[in-house]
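Thanks for coming. I will take a few minutes to walk through one model, and you can follow along on the screen.

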Amino acid sequence: MAFVDGELSEAESAAFHERLASDAALRLEVSELRGLAVLTRASAPAEPADHEWARMLEDPLHRLLYHGGFIAVAIAVGCAVLHVLLAAVGLDFSALKVLASFAGPLGLVALLAAAIRWRQVELPHDPYVKVRR
């Protein structure tokens with residue numbers, strides 16, 4: 001298990017690799033232990049940040065900012081494309097250009113606000129905040 005957990009020194013690991021290359025039963029045991037390690041990690045309880053993420057996904061303001069931002073950007077792109085297509089056939093719908101010029105930035109600001117809000121909620125639960133290189 002020390003090999004699977006990466007707890008062996010370089011010399012011990014090299015010796016274990018040599019033994020592993022020639023011992024089929026040992027390879028099978030290492031495979032089973034790796035499967036057990038994966039199963040153990042999969043059955044671990046949720047982290048505090050996971051609970052916050054689930055709460056944020058249910059928060060009406062966050063959903064409005066996130067989904068509304070994407071919808072506004074999609075409307076802006078659709079209006080811009082439609083304006084170009086209509087201009088190509090000689091029709092002028094300048095209202096589409098105006099709508100696209102307002103919906104695009106509005107959608108991007110909403111997405112930015114959702115991302116900032118998400119990060120502010122998540123930051124106290126981030127285990128790497130105090131880690132220095």
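I will start with the salt bridges, then turn to a pair of helices, and finish with one serine. Please keep in mind that this is a predicted model.

Salt bridges, then. How many salt bridges does a search of the whole structure find? There are 3, and I will take them one at a time.

Which residues does Glu-52 contact, once its neighbours within four places in sequence are left aside? The answer is Val-121 and His-125.

The next salt bridge joins the side chains of Arg-117 and Asp-59, with 2.6 Å from N to O. Where do these two sit? Arg-117 belongs to helix H5, residues 94–122, while Asp-59 is in the loop between H3 and helix H4, which spans 60–88. The pair therefore ties together parts that are 58 residues apart in sequence. In terms of accessibility, Arg-117 is partly exposed at 23%, and Asp-59 is buried at 16%.

The remaining salt bridge is between Glu-122 and Arg-119, where the closest N and O atoms are 3.2 Å apart. Both residues are in helix H5, 3 residues apart, about one turn of the helix. Glu-122 has a relative accessible area of 17% and is buried. Arg-119, at 36%, is partly exposed.

Now to the pair of helices. In general, two packed helices are described by the angle between their axes and the distance between the axes. What are those values for helix H1, residues 10–22, and helix H2, residues 24–42? Their axes come within 6 Å and cross at roughly 110 degrees. H1 and H2 are therefore roughly perpendicular to each other. Their crossing is left-handed.

Which residues make the contact? From H1 there are Phe-16, Arg-19, Leu-20, Ala-21 and Ser-22. From H2 there are Ala-24, Leu-26, Arg-27 and Val-30. Sorted by type, the contact of H1 with H2 has 6 nonpolar residues, 1 polar and 2 charged.

Last, the serine. Ser-13 is in helix H1. Not counting residues up to four places away in sequence, Ser-13 touches Phe-3 and Leu-8.

To recap, the search gave 3 salt bridges, H1 and H2 cross at roughly 110 degrees, and Ser-13 of H1 touches Phe-3 and Leu-8. That is where I will stop.

How values were computed: Residues numbered from 1 in each chain as written. Predicted model: local features only at pLDDT ≥ 70, side-chain atom pairs only at ≥ 80, totals over all residues. Heavy atoms only, no water. Salt bridge = Lys/Arg side-chain N within 4 Å of Asp/Glu carboxyl O. Helix = DSSP H or I, 4+ residues; strand = E, 2+ residues; numbered from the N terminus. Buried < 20%, exposed > 50% of the residue type's maximum accessible area, 1.4 Å probe, protein only. Axes fitted to C-alpha atoms, helices over the stretch in contact; angles between N-to-C directions. Parallel < 35°, antiparallel > 145°, perpendicular 65-115°, else oblique. Left-handed = near helix turned anticlockwise from the far one by under 90°. Contact = heavy atoms within 4.5 Å. Nonpolar A, V, L, I, M, F, W, Y, C, P; charged D, E, K, R; others polar.
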